[in-house]
Amino acid sequence: MNPGSRMPESSAPSSPTPGTNPTPAGAAEPTTAARTVLGEADIARALTRIAHEIVERNKGAADLLLLGIPTRGVQLAHRLAERLAQIEPSFGGEYGTLDVTMYRDDLRRQPTRAVGQTVLPGSLDGTIDDKVVVLVDDVLFSGRTIRAALDALNDLGRPRVVQLAALVDRGHRELPIRADYVGKNLPTSRSERVRVRLSDVDGGADSVVISGVTP
Amino acid sequence: MKHLLTTQGLSKDDAILLLDTSAQMAATQSRENKKLPTLRGRTVVNLFYEDSTRTRISFETAAKRLSADVINFSAKGSSVSKGESLKDTALTLHAMGADAVVVRHSASGAAHQLAHAGWLDAGVLNAGDGMHQHPTQALLDAFTIRRHLVGNVGEDGRGTDTSAGADLAGVRVAIVGDVLHSRVARSNVYLLHTLGAEVTLVSPPTLVPVGVETWPCRVSYHLDETLEQWQPDAVMMLRVQRERMSGGAGGAFFPSPMEYSRKFGFDARRLAVLPDHAIVLHPGPMNRGLEISAAAADHPRSVIVEQVANGVAVRMAALYLLLAGTDERNAL
Amino acid sequence: MSTPSTTAYVLRGVRPYGTDPVDVVLADGVVAAIGAPGTVEVPGGATEIPASGQVLLPGLVDLHTHLREPGREDAETVFSGTRAAAAGGFTAVHAMANTTPTQDTAGVVEQVYRLGQEAGWVDVHPVGAVTVGLGGERLAELGAMADSAARVRVFSDDGKCVHDPVLMRRALEYVKAFDGIVAQHAQEPRLTEGAQMNEGIVSAQIGLTGWPAVAEESIIARDVLLAEHVGSRLHVCHLSTAGSVEIIRWAKGRGINVTAEVTPHHLVLTDELARDYDPVFKVNPPLRTAKDVEAVREGLADGTIDIVATDHAPHPVEDKDCEWASAAFGMTGLETALSVVQQTMVDTGRMTWADVARVLSENPARIGRIDGGQGRAIAVGEPANLTLVDPDATRAIDGRSQVTASDNTPFAGMELPGRVVATFLRGRATVLDGAVVESTGTGSVTLEGAAR
């Protein structure tokens, strides 16, 4: 089962904001060739660095809970958990999944989205109270997904602190949200598309690809 | 999905999406905070022309758990006979800006008309129309069957449901009782068939509709033979309406309640004939001692209470899929 | 009173019964001349009607019309219904008895008769109820209605079945005295309690209470045997099933004096139309299956079924714009009947226009024992009750633009072939150029004269 399989690309513009209309429909914007901005080794290095930063910032991995946001955030959380387990043997390598679909603010602007699964590591006994939660997502863009994630967390319990890790921060925030851990800051124009490809989700080699407007 | 009116014609993909979404909804219902913000600002009207406290409460709970505003519109007795009221009520609901209407009506086709007569542009969810359909009942039955027979949740129903994405291929379901007047039977025959299950209707010949031959199921007049030889994985007992038992000369569909109970009632003896994994369902409310004995109803393999809980999750899923997306939705 | 002031008409190049073109002159209320194009003598001042390619039929006669007045003037009145009849090519209709009050006394049938005369669109022949108030319990005063100014010859409890076999026998026997006929609405009441539509595959799926074919067939079988036993005439209204056709065929083969009718809608529509629960398709007897449609077409073509009758049943919007179970039974038919017969029987090659004249004019006039020059041959000296049809035209049917006061046509949105161009009632045009000619009430005089 891949609960997020019906989710659109998480890097797609989540909600066109009135006034800052990114691409008027039918605008003749030239489509630039896709270019790879991060390769497999870059991604691996970035994740290792983020893992170290998490341990450093939180002075260890006690009470740490990684929650990936479907689809690719879950795989990234899985990889971060593996790295954390190597750095901090006390960390069990567990991670969870946080589906935010039912908390989104753009449901009525999109075709109906399938609801994904929220899974907490079995060791938690269903509570996230007093945990140090690190949300993991692939691309940080408008911030609306993270806003939804914060609401979703709220319904699960009361963490001690919530932090955010993103593989790519492409800017254009629409909410006062920032990432605590960033793999790469990537200046983009709104009309560009950033795609994270992970071998265990998409097949092929890991990469982050930036391309022009997709017609 | 603009409306949910019938299970006949529901695609397998949509059926599985409904069941999978129900599973996710069910997962949120074990939390301390059961309420989701998903349908905030949307208005769901429960339009009930027939008494059904159970169904109405189930839909009301589902809508409220998704933060929708719920308006209960009990139109019972307000002139089904005069007819005009359904249209006028629809126009009223339209003027009030209802986003979805959950309708229960004694007239077959009332939900279809509400959706298609041009009186109203809200999504319509059929909560039972006459002898026609009751799609969320069938979905909750299928969901319950899938959890137990495919998802391995265990006898107590508390295990992790591993059936996401799965259909009901090869599952054998016997539906027993008054098929003729039953919207539950009609809804289940089509949905279970779409999901790959095999269905046998078991009923006295007087309670099988003329024209049943096109339904995707088998028909038997003998409960014991079906249980022993066909070995169903699930047995669904239908409620026998009291008014079917008498009704004056020629009005009764069987000679006596005792004879019905002897030939078509489900009890511990008949339960013992079933395979160990088999489950027993009933849409409620039950006539204990008529179509089902207390021993069978309260047996560990009876999932009747769980059906009620699953009803909320299934109705949450249906409301979500009807209301959450853009307004350009496709009719089911 | 004054003599009818009818204009003379000459129909140029018209084809009587669809045969070779001729010119037909109508003058002084009769067919004055028929001859090869250009050869007939035309009276001065005659109105020329170019009718090349058009078909001339004897004026249509409906044995089964619901005019609703008195009682349900919100659905139809004698005036509006007969105006619709003229628009549909009819020159006579039989007004069914289920009015309020019921047409079960001489007073009520005479009222309807006079309303028809005053309207002047067609001859109105009231049908008398068989039982008091259609109650099925005791015979209405059949003799008084027969002797009344309305000269009733057709008796029917239509809408309800005369289900008591003794009562039916008595009615069949009693009307022999004045050459009357009982037109039975064949519906066994116990087998159709709460019934909503044909019992079969569709009813099983969509959950509407079924109306078994046997409920119709069992009554027809009983009645033909009763008619044989007492030596009476029996007419079977709107038969709808293949089994009914078989029984009538058998009865006629045995020499039983039975006639049968089919409605236009049963010639073309099926129970599949109920799937969307649009009550415009709710009708009594119900729409049946494609197999039944084929059987009634065959029965009509081979003469087993004698006539097509509309069972024109107008209803106000509120009786149809509601749940199926609450909706009224019935559909309008006067303005579409000829087109449906053309589409299903003529255009398919199963009947000629002469056959159409037989089933829509000659036979119903004979069964109803009406005069006034109805149902007669198109011949010099005959009363000019005529219908001019353009078989090559097509029309999109729209309930609201029909002449009848009600909108409940099942053919709305469909294209049907054929158009009534003109209707003549004893030489007076009630319809010209496809539009009704607003009446000045002169028709009453001629009808009164003719009916005596």
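**View 1. Strands E7 and E8 of chain A run side by side in opposite directions.** Strand E7 (residues 193-197) of chain A is joined to E8(A) by five bridges in the antiparallel sense. Strands here are DSSP runs of E with at least two residues, helices are runs of H or I with at least four, and both are numbered from the N terminus. Two strands pair if DSSP finds at least two bridges between them. Look for Val194(A), whose bridge partner in E8(A) is Ile210(A). Strand E1 (residues 35-38) of chain A also runs antiparallel to E8(A), with three bridges joining them; here Leu38(A) has Val208(A) as its bridge partner. This is a predicted model, in which local features need pLDDT of at least 70 and side-chain atom pairs count only at pLDDT 80 or more, while totals for chains, interfaces and linings use all residues. Residues are numbered from 1 along each chain as its sequence is written, and chains are lettered from A and ligands numbered from 1 in the order in which they are written.

**View 2. What lies on the two faces of strand E8 in chain A?** Val208(A) and Ile210(A) make up the covered face of strand E8 (residues 207-211), whereas Ser207(A), Val209(A) and Ser211(A) make up the uncovered one. In a regular strand, side chains alternate between the two faces of the sheet.

**View 3. An open sheet of five strands in chain B.** Follow the strands of chain B in the order E7-E6-E5-E8-E9, with parallel pairing. Strand E7 (218-220) and strand E9 (279-281) of chain B are at the edges with a single partner strand each, so one side of each has no neighbour in the sheet. On average, neighbouring strands of this sheet are turned by 20 degrees against each other, direction ignored. Angles run from 0 to 180 degrees between N-to-C directions, and axes are lines fitted to C-alpha atoms, for helices over the stretch in contact. Between strand E8 (residues 234-237) of chain B and E9(B) there are three bridges in the parallel sense, and Met236(B) stands opposite Leu281(B) in E9(B). Helix H7 (residues 223-230) of chain B lies across strand E5 (172-176), strand E6 (198-202) and E7 of chain B, and runs at about 155 degrees to E6(B).

**View 4. Where chain C meets chain B.** Two pairs of chains are in contact, and chains B and C share the most contacts. A contact means that the C-beta atoms of two residues, placed from the backbone, lie within 7 Å. Here 21 residues of chain C touch 25 residues of chain B. On the chain C side, helix H5 (residues 201-206) gives the most, with five residues. That side has nine nonpolar, six polar and six charged residues. Chain A and chain C have no contact, and their closest C-alpha atoms lie 27 Å apart.

**View 5. Is Leu300 of chain C buried or exposed?** Leu300(C) counts as buried because there are 26 C-beta neighbours inside 10 Å. A residue is buried with 20 or more other C-beta atoms within 10 Å of its own, exposed with 12 or fewer, and partly exposed in between. Leu300(C) belongs to helix H8 (residues 290-301) of chain C. Beyond its neighbours within four places in sequence, Leu300(C) is in contact with Val262(C), Ile305(C), Val308(C), Met345(C) and Val359(C). In chain C, buried residues make up 60% of the 452 residues.

Definitions and conventions:
Ala, Val, Leu, Ile, Met, Phe, Trp, Tyr, Cys and Pro count as nonpolar, Asp, Glu, Lys and Arg as charged, and the others, Gly among them, as polar.
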